[in-house]
Amino acid sequence: MYSPQSLHRWGITHSESMERLAYSQAMRDPMAMERANLLNMAKLSIKGLIESALSFGRTLDSDYPPLQQFFVVMEHCLKHGLRVKKSFLGFSKSLWGPLELVEKLCPEASEISASVRDLPGLKTPLGRARAWLRLALMQKRLADYLRLLITRKDLLSDFYEDSALMLEEEGAVIVGLLVGLNVIDANLCVKGEDLDSQVGVIDFSMYLKNDMDDYRSEERNSQIASILDQKNYVEELNRQLNSTVHGLHSRVDSLEKSNSKLIEELAIAKNNIIKLQEENQQLRSKNNLILMKAQHHLEVTQGDTSVERDTYKQSRQGLDEMYNEARRQLKEECQLRQDVENELVAQVSMKQEMELAMKLLEKDIHEKQDTLIGLRHQLDEVKAINVEMYQKMQSSDEEMKKKNDVISRLEEKTNQITATMKQLEQRLQEAERHRSSAEEGSRRFKLDFANKADSLQRQIELREKQLQQLETDLKIEREWRQTLQNDLDRERDMVSQLSTEALQINGLKKEFHRLQEENIQLKTICEDQEKALEELGSKLSESKLKIEDIKEANKALQGGQVWLKDKDATHCKLCEKEFSISRRKHHCRNCGEIFCNSCSDNELPLPASPKPVRVCDTCHALLLQRCSSTTT
């Protein structure tokens, strides 16, 4: 190993030494060299595709050559370091395995995978992988899907070797480059293409550029930058709008769910209130009945006591017992009355609480009356449906009864059928006996028929031999006629070709004479234009000299003011507002600074220009003061 001091002595910098070390490591490791080459090819193909697509100016189709080369390069990058898998048919490398993992990592990719599986023309995993790449590019999510795939190296290690491109830093660099393809609009027809049998060969002639291409690319860079900025701005706005739309949809769904829950709770609360009111009425009616019974019982007991007082002296012991029993019944009835009164108090408190809840619910009811009207209509419909269902239930019960009757009839028929089956079995036995006798007769008939068939076969063979001889004779005659017809057709073609060539020669002679006349006319026009250009050049040189004199005079009048460049100004000098597409830049012809339209909407004649020109507000005020002071 060489130290930095020794490398500096030999005239080698640190960066050059690192490059040489990396090159030596790549030479030692062929996989690293392959990764570097694939990374360079990916850079060239992506850059060339973006530049050509932006200059092309419309959506790309599957026949566009740079797009085809991009898919070939991506296929080579994804194939690098693939593990060989055993199957029943032998060893194979498949791209479709790692690309199927994207469906598990990102649910949005399930649509692409499902559409690829449903394509009828694809039979191989390689064809499915190619179709998946084309659909992901049309969806503008190719970079996002591959980024998710690269982050899960634990899953990719099942499909790729340790030094594969997808498991190293070069894979992350290629995924970063793929983000630039979001500016391209592609419309690819996957159904009509034969993706299974395509041969992926990289065409290096597309990436060999000359000096003219470099010059044109430098001119296009400015246009491409502006187009990319505008497109990125529009896509960012589109993403923000999509996010806001999704948020609004989620809020609407949550509000609808909460509204439905509140409606259900309201209906439940109403049902509870109705039930409590019914129970309250039942308890009141029971209380009134109990009170009536108690009063009636008291009246009866009072009558009994009056009668017992009369007979008190006669049967005091019996009266005491009756009195004790009546008193015990009175206590029990009083206890029952007290319990009923306690229940009434509890029901009154419950009623007060329910009235408060009703007041709170009525506020919500007033806000949601429209929804309740719809729910009432739905309840009427449900009631009608319940009535229909009840009628159907009754009809189904009647049908069940009918079916039970039918089943009983069928059982009787089955008994009859079993009896008939026994009779049929006896008939079958008799039929088998007749069949055995018939088979013996057919055997005899077959023997007679075989003898006759042999004699006929011999006659057919003789006739076939005669036919073959006749067919050979006919073939010879047909071939002879075909050769004669071919000779005649060739001679006719030669005659027609010679006639057409003669006509073409006459036409070429006429065009040659016409082109000579046009050449003479163009030469005369060119000479006239050259003379006019010489005159215009002399006039332009004179006008340039005059303009330079005027500029020098203007600089002298302005005190050597410098004309500010457009690139140096981003805000207005007076109002300090930022320039944009709607707020444009304007130079003040007096001070040379840049202002917006509202701050330079003034025109005054200057010493250098007799016509009125644009002037800023400050220069306008100063020039007006000077004019007023000179006039006074």
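Does serine 600 count as buried or exposed, and at what relative accessibility?

**Entry 1: ground rules.** I noted that this is a predicted model, where local features need pLDDT of at least 70, side-chain atom pairs count only at pLDDT 80 or more, and totals for chains, interfaces and linings use all residues. Residues are numbered from 1 along each chain as its sequence is written, and side-chain values use heavy atoms, leaving out hydrogens and water.

**Entry 2: serine 600.** I found that serine 600 counts as buried because its relative accessibility is 0% (buried means under 20% relative accessible area, exposed over 50%, partly exposed in between, with a 1.4 Å probe and protein chains only). Serine 600 sits in the loop between β4 (594-595) and β5 (602-605) (strands are DSSP runs of E, at least two residues; helices are runs of H or I, at least four; both are numbered from the N terminus). Leaving aside residues up to four places away in sequence, serine 600 touches His586, Phe595, Arg614, Val615, Cys616 and Asp617 (contact means heavy atoms within 4.5 Å).

**Entry 3: the largest core.** I then looked up the largest nonpolar core, which has 62 residues (such a core is a set of buried Ala, Val, Leu, Ile, Met, Phe, Trp, Tyr and Cys residues joined through side-chain atoms within 4.5 Å). The residues with the most contacts inside this core include Leu67, Trp132 and Leu181. Its largest share, nine residues, comes from α3.

**Entry 4: leucine 181.** I recorded that leucine 181 touches Ile46, Leu49, Ile50, Phe70 and Leu137, not counting residues up to four places away in sequence.
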